[in-house]
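Please report on the metal site and the strand arrangement of the protein shown here.

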Amino acid sequence: MKTYRKELWFNVSTLRAFINITPQVQECLRESGIKEGFVLVNAMHITASVFINDDESGLHSDFDKWLEKLAPHEPVSQYRHNNGEDNADAHLKRQIMGREVVVAITNGKLDFGTWEQIFYGEFDGRRKKRVLVKIIGE
Ligand code: ZN
């Protein structure tokens with residue numbers, strides 16, 4: 001069995017963003033040489049997510065609006081976690097959007113369903129953060 005590990009780095013200039021990281025994951029898969037197996041992609045921070053959905057800007061704006069309704073950033077004083085911090089909403093948003101995804105690898109390709117793409121969801125940006133890509137198989 002082969003294994004492959006890589007960290008992808010992000011430094012988003014806004015507080016929140018959704019980034020399609022499918023090309024980077026495909027590049028990792030190519031580098032790994034693995035043809036059959038699984039890839040795990042996870043955020044290495046508790047205020048960011050990795051999730052799978054459609055690459056459609058209307059949907060991304062809908063996600064952002066929906067998350068802001070569930071856990072508004074302001075006023076930051078509404079959260080007990082914000083005791084010297086201001087990112088309680090980002091922890092809550094990450095919990096809803098998820099920590100990681102696992103995708104099957106078949107014939108050297110990510111074995112996606114229709115329209116599936118992998119996204120990095122940033123909820124507390126303006127600093128360097130990491131995503132782990134771990135691939136196992138042969
Ligand atoms: Zn925090």
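The report below takes the metal site, then the sheet.

This is a predicted model, where local features need pLDDT of at least 70, side-chain atom pairs count only at pLDDT 80 or more, and totals for chains, interfaces and linings use all residues. Residues are numbered from 1 along each chain as its sequence is written, and side-chain values use heavy atoms, with hydrogens and water left out.

**Zinc site**

Donors are N, O and S atoms within 2.8 Å of the metal (3.2 Å for Na, K and Ca); water is not among the atoms, so sites may look incomplete. The zinc ion takes its protein donors from His81 (NE2), Glu85 (OE), Asn87 (OD1) and His91 (NE2), at 2.0 to 2.6 Å. Their spacing along the chain is H-x3-E-x1-N-x3-H. The 4 donor atoms subtend angles of 80 to 158°, which makes the arrangement irregular.

| Residue | Relative accessible area | Class |
|---|---|---|
| Glu85 | 38% | partly exposed |
| Asn87 | 6% | buried |

**Sheet**

Strands (E, at least two residues) are DSSP runs, numbered from the N terminus; two pair if DSSP finds at least two bridges between them. An open sheet of 3 strands has the order β2-β7-β4, with antiparallel pairing. β2 (17-20) and β4 (48-53) stand at the edges, each with a single partner strand. Between β2 and β7 (residues 117-122) there are 4 bridges. Ala17 has Glu122 as its bridge partner in β7.

Methods:
Tetrahedral: all angles 85-135°; square planar, octahedral: opposite > 155°, others 65-115°. Buried < 20%, exposed > 50% of the residue type's maximum accessible area, 1.4 Å probe, protein only.
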